[in-house]
Amino acid sequence: MHPAYATTDHVFELPLDHDDPDGPTLQVFAREVVDPARAAEPLPWLLYLQGGPGGKSPRPIFGSPGWLDQALKTHRVLLLDQRGTGRSTPVTARTAARFASPEQLAGHLAHFRADAIVRDAELIRRHLCGDTPWDTLGQSYGGFVTLTYLSLAPEGLRSCHVTGGLPGLTATADDVYAHTSPRVRDRVLDLYARYPEDADRLRRIADLLTATDVRLPGGDRLTVPRLRSLGLALGMGDGFERLHWLLDEALDDTGDGGLTDTFLHQVEALTGFTDNPLFAVLHESIYAQGAGPTAWAADRALAAHPEFAEDAKPLLLTGESIHPWMFEEIRGLRPFAEAAELLARRADWPPLYDLARLAANEIPLAAVVYHDDMYVDAGISLATVRAIGAARAWVTNEWEHDGVAASGGRVLARLMDMTAGRA
């Protein structure tokens, strides 16, 4: 226990398939956090829904994440490791390799979407709170889960707060990438405008990777597509600087002209999906609702924009997009390759949102929409707000996608004021 927080660990044995409660089970882990001075008080609960998919909940470290101290002023917080992440029977390359066939693995992975997460949360709520509803904070993908929660079990909710995570209720994966691909292009060009030398460095690195076989510390070949995937960082508040300083140490200009060990080590960590393979495996399925297969929508989006070609000048990085090559080139994703292809072909994904129930919603929902968000299109998010009852949006360009953490609690405080009718 950190002296600033009183924590209690909870482990729940829950059905893998909620429609088969007597079938296989998995463990779901959640950590309760409360201000030690208020630990004995009957505080309301705030369930934190982490971004992703495939991201575990943050671990409480004093001062981080920035919203936690704000939440603990009024609430008892539950940091949920969504199924398959962290300590919740994690899905990893090692566990994927144990399945007898790709079909079995794909069937297993189909139980890790937002609808299953919501049904987990409801069983946990009843265990901890009885019939009392709780509040939620959904960051990024956690906002997607929030709207599924409002669709499936609104009786479990008292108020909802969403940060950078309002999905299109009927938007397909193709719709999403059609909106976000130009924004990724613009963000890369903004990086080059701020740090002109980075455009030259990236082209030099790409040319080196094309001409020579460069290996990462774990043995994977570093290819140009994997290099370009570093652009995922550009949607965060410190993303430009993190990428710039990574590139600043990339080239060994005083030695053999190759890439430094420091650079290769960091690239492997940033692009390896070692601790969150579900992000890659399930990414496009979070947009799938029975409108046909997703079928690698991000690949189609890049093909529709010739400025993203590998030989284009300047070389453009890619953003939050998953591609078939990843399951061939990245060691941590190879055990999922055939199952990922089966999931990409699946056409009968069940719906995640109940449009009629959301239109009639009476649970207060406050969402911050980041005007320049690289991952979640602001226009799509605002259309969603208009389709949900009791929903209010605050649009700002003061922060990027990680504003709830970067703002030191100010974003969450304002959203709480909005749901309470104080703003």
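Modeller: Let's start with a working term: two residues are in contact when they have heavy atoms within 4.5 Å of each other. Keep in mind, too, that this is a predicted model.

With that in hand, go to helix 4 (residues 114–129) and helix 5 (residues 141–152), whose axes come within 9 Å and cross at roughly 70°. Angles from 65 to 115 degrees count as roughly perpendicular, so that is the label for helix 4 against helix 5. The crossing of this pair is right-handed. On the helix 4 side, the residues that meet helix 5 are A114, D115, I117, V118, A121, E122 and R125. Helix 5 brings Y141, V145, T148, Y149 and L152 to the contact. Sorted by class, the contact has 8 nonpolar residues, 3 charged ones and 1 polar one.

Now for the nonpolar cores. In soluble globular proteins, nonpolar side chains tend to be buried together. The largest core here has 77 residues, and L109, W134 and F327 are the ones that touch the most other members. Take L109: beyond its neighbours within four places in sequence, L109 is in contact with V91, L278, V281, L282, F336, A339 and L343. There's also a second, separate core of 35 residues, with L191, Y192, L227 and A250 among them.

Next, have a look at E284, in the loop between helix 11 (277–281) and helix 12 (297–303). E284 counts as buried because its relative accessibility is 7%, and the cut-off for buried is under 20%. Leaving out residues up to four places away in sequence, E284 touches Y177, T294, A295, W296, A297, A298 and I322. The C-alpha atom of E284 is 6.3 Å from that of A173, although 111 residues separate the two along the chain.

Most residues other than glycine have a negative phi, and most peptide bonds are trans. Yet the bond from G52 to P53 is cis, with omega near 5°, and the one from K313 to P314 is cis as well, with omega near 0°. P53 lies in the loop between strand 3 (45–49) and helix 1 (66–71), while P314 is in the loop between helix 12 and helix 13 (326–329). As for phi, F273 has a positive value of about 55°, and F273 is buried at 12% relative accessibility. A390 also has a positive phi, about 60°, but A390 is partly exposed, at 41%.

Methods
Residues are numbered from 1 along each chain as its sequence is written. This is a predicted model: local features need pLDDT of at least 70, side-chain atom pairs count only at pLDDT 80 or more; totals for chains, interfaces and linings use all residues. Side-chain values use heavy atoms; hydrogens and water are left out. A nonpolar core is a set of buried Ala, Val, Leu, Ile, Met, Phe, Trp, Tyr and Cys residues joined through side-chain atoms within 4.5 Å. Buried means under 20% relative accessible area, exposed over 50%, partly exposed in between (1.4 Å probe, protein chains only). Axes are lines fitted to C-alpha atoms, for helices over the stretch in contact, and angles run from 0 to 180 degrees between N-to-C directions. Helices (H or I, at least four residues) and strands (E, at least two) are DSSP runs, numbered from the N terminus. Angles under 35 degrees count as roughly parallel, over 145 as roughly antiparallel, 65 to 115 as roughly perpendicular and the rest as oblique. A crossing is left-handed if the near helix is turned anticlockwise from the far one by less than a right angle, and right-handed if clockwise. Ala, Val, Leu, Ile, Met, Phe, Trp, Tyr, Cys and Pro count as nonpolar, Asp, Glu, Lys and Arg as charged, and the others, Gly among them, as polar.
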